[in-house]
Amino acid sequence: MGRPLKIQKTSTGSGNGGAAVSVDIGFPNFGSLTAPVTNTGDTLSATEYLGVVGGAAPTDTPSATNPRIDVIVNIANPSGSGIGVAAGYIIRQKGAHKYLVGDTTGVNDGSFVVGQAYQISSVGTTTWASYGAPSNFGVGTVFTATSVGGSGNGAAFSVGVCVLDNDTTPAAGLMAITFTVTDSTATTISKLTNKFLLDWTGGSDYAAASVVADKRYATNFFTDEGTVIKSGTTATANTGTVQSGQQNLLDLAIVDNVTS
Amino acid sequence: MSRAFVLGNGVSRQQVDLENLKHFGPIYGCNALYRDFTPTALVSTDRPISERIQDSGYALKHKFYTRKPVASSGALPVPQKYYGYSSGPIAASIAAFDNAVIVYLIGFDMGPVHTKFNNVYADTEFYKKSSASPTFTGNWVRQLTTVMKDFPKIAFVRVMGGTTTPVKEFDDVKNFRNMDIADFLNRINNTKEL
């Protein structure tokens with residue numbers, strides 16, 4: 001799989017009760033680099049950067065400067081059917097095409113489904129430990145419900161594992177992340193890392209013959225103009241003595257993102 | 001409703017008086033059009049500008065479609081079938097869903113001006129510079145072709161201005177035809193008949 005997608009999060013610091021510190025919220029922006037190499041379109045500002053970072057609501061704080069990846073999910077419930085297509089967020093990567101995700105449709109105390117995983121979004125007066133959460137629960141805690149809950153005013157987001165799909169209305173257990181290139185058309189992603197994404201040009205499955213034909217793009221949150229040289233290659237164009245199918249110059253793609 | 005007008009932001013549409021056009025039917029527009037004119041419905045799928053539109057409160061007062069409406073913004077979701085499409089093709093589909101019989105496509109230039117970016121709003125916030133290379137039009141062509149074929153009983157008329165590029169794929173669609181902009185302007189400005 002390679003390195004998993006970096007996730008946007010915060011740390012409470014090394015000491016007890018330390019102030020929350022943003023961790024992995026983005027890559028070094030061009031203004032912080034001594035000799036930045038931007039895209040050929042030179043459209044990235046000093047506050048922007050190449051590469052993308054995922055994120056775990058409700059504990060992260062996306063912004064226009066440091067957005068997080070937006071996803072469309074249809075989490076499977078314990079019976080196997082989907083809880084519905086909804087906006088979601090990535091909690092962490094589980095495989096090359098598989099992620100632990102949350103559904104931003106809130107579920108109130110008293111409406112939990114036994115056996116369904118949740119992430120606490122608002123602690124409120126809910127006695128979370130009585131319903132399957134660990135005793136040290138807090139906002140962001142993931143647990144599997146052992147009860148429908150009670151009458152507290154806490155809330156949670158449904159959580160599950162979903163696999164990337166070539167459909168923006170994914171079936172149960174599937175999800176979609178979209179990107180745009182050159183116009184506002186939303187195109188689905190078949191594989192995503194911090195630096196690159198693949199589309200579904202090779203076909204709508206993960207067969208080897210399909211994957212090798214998928215087109216690779218350089219990811220970012222800000223621009224789709226120009227090209228960048230793929231790391232590890234030296235050619236300045238997609239010609240010459242390169243392996244067949246290899247891309248040296250990559251188009252930039254904007255990964256769909258959340259800024260607030 | 002008999003006719004509807006869908007506005008792209010290619011520069012050819014600048015020849016059309018939009019206030020006058022309102023008398024002939026509902027107008028569907030895209031993205032930054034709202035800065036200058038309030039259409040019957042506005043569509044924006046570009047995230048930065050769609051968020052700006054929703055933040056401005058525009059969607060609370062006017063009909064506005066986007067992919068992911070912000071809660072309580074008043075924005076409406078785009079038709080699910082065309083979720084991934086660009087703003088212009090989605091606007092055309094909404095006009096069709098609204099029971100238009102004839103849909104006029106104005107400012108869908110689909111081509112560069114002297115090989116440069118062709119957009120009324122070039123050099124403004126959220127848009128490329130007028131010196132930038134043209135936007136790839138392949139997706140727009142494919143999406144509009146699909147929309148037109150999905151609504152075979154609706155006539156789609158593309159108003160051809162001086163900067164409008166002919167599209168061969170459109171010519172193969174049975175319910176599509178071109179109209180020269182001089183003819184179109186004469187009809188709405190003089191004869192008052194379309």
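A residue counts as partly exposed when the number of other C-beta atoms within 10 Å of its own falls between the limits for buried, 20 or more, and exposed, 12 or fewer. A:Thr182 has 18 C-beta neighbours inside 10 Å and therefore counts as partly exposed. The structure is a predicted model, and the predictor gives the complex an ipTM of 0.77 and a pTM of 0.85. For chain B the mean pLDDT is 93, with 98% of its residues at 70 or more.

**Residues with positive phi**

- Most residues other than glycine have a negative phi.
- A:Thr182, which is not a glycine, has a positive phi, near 65 degrees.
- The position of A:Thr182 is the loop of chain A that runs between strand 12 (178–180) and strand 13 (187–188).
- In chain B, Phe126 also has a positive phi: the value for B:Phe126 is near 80 degrees.
- B:Phe126 sits in the loop between strand 6 (102–106) and helix 5 (138–150) of chain B.
- B:Phe126 counts as partly exposed because it has 14 C-beta neighbours inside 10 Å.

**Contact between the chains**

- The contact between the chains involves 13 residues of chain A and 17 residues of chain B.
- On the chain A side, the residues touching chain B comprise eight polar, three charged and two nonpolar ones.

**The sheet of chain B**

- Chain B has an open sheet of eight strands in the order 5-4-3-2-1-6-7-8, with parallel pairing.
- Strand 5 (76–77) and strand 8 (176–180) of chain B are the edge strands, each pairing on one side only.
- Within chain B, strand 2 (residues 27–30) and strand 3 (residues 41–43) pair in the parallel sense over three bridges.
- B:Gly29 has B:Leu42, in strand 3 of chain B, as its bridge partner.
- Strands of a sheet pair through backbone hydrogen bonds.

**Packing of helices 4 and 5 in chain B**

- Helix 4 (residues 87–97) of chain B packs against helix 5 of chain B at an angle of about 10 degrees, and their axes are 9 Å apart.
- Because angles under 35 degrees count as roughly parallel, helix 4 of chain B is roughly parallel to helix 5 of chain B.
- Helix 4 of chain B contributes B:Gly88, B:Pro89, B:Ala92, B:Ser93 and B:Ala96 to the contact.
- Helix 5 of chain B contributes B:Trp140, B:Gln143, B:Leu144 and B:Val147.
- By class, this contact between helix 4 and helix 5 of chain B has six nonpolar residues, three polar residues and no charged residues.

Note on methods. Residues numbered from 1 in each chain as written. Chains lettered and ligands numbered in written order. Predicted model: local features only at pLDDT ≥ 70, side-chain atom pairs only at ≥ 80, totals over all residues. pLDDT = per-residue confidence, 0-100. Helix = DSSP H or I, 4+ residues; strand = E, 2+ residues; numbered from the N terminus. Contact = placed C-beta atoms within 7 Å. Nonpolar A, V, L, I, M, F, W, Y, C, P; charged D, E, K, R; others polar. Axes fitted to C-alpha atoms, helices over the stretch in contact; angles between N-to-C directions. Parallel < 35°, antiparallel > 145°, perpendicular 65-115°, else oblique. Pairing = 2+ DSSP bridges.
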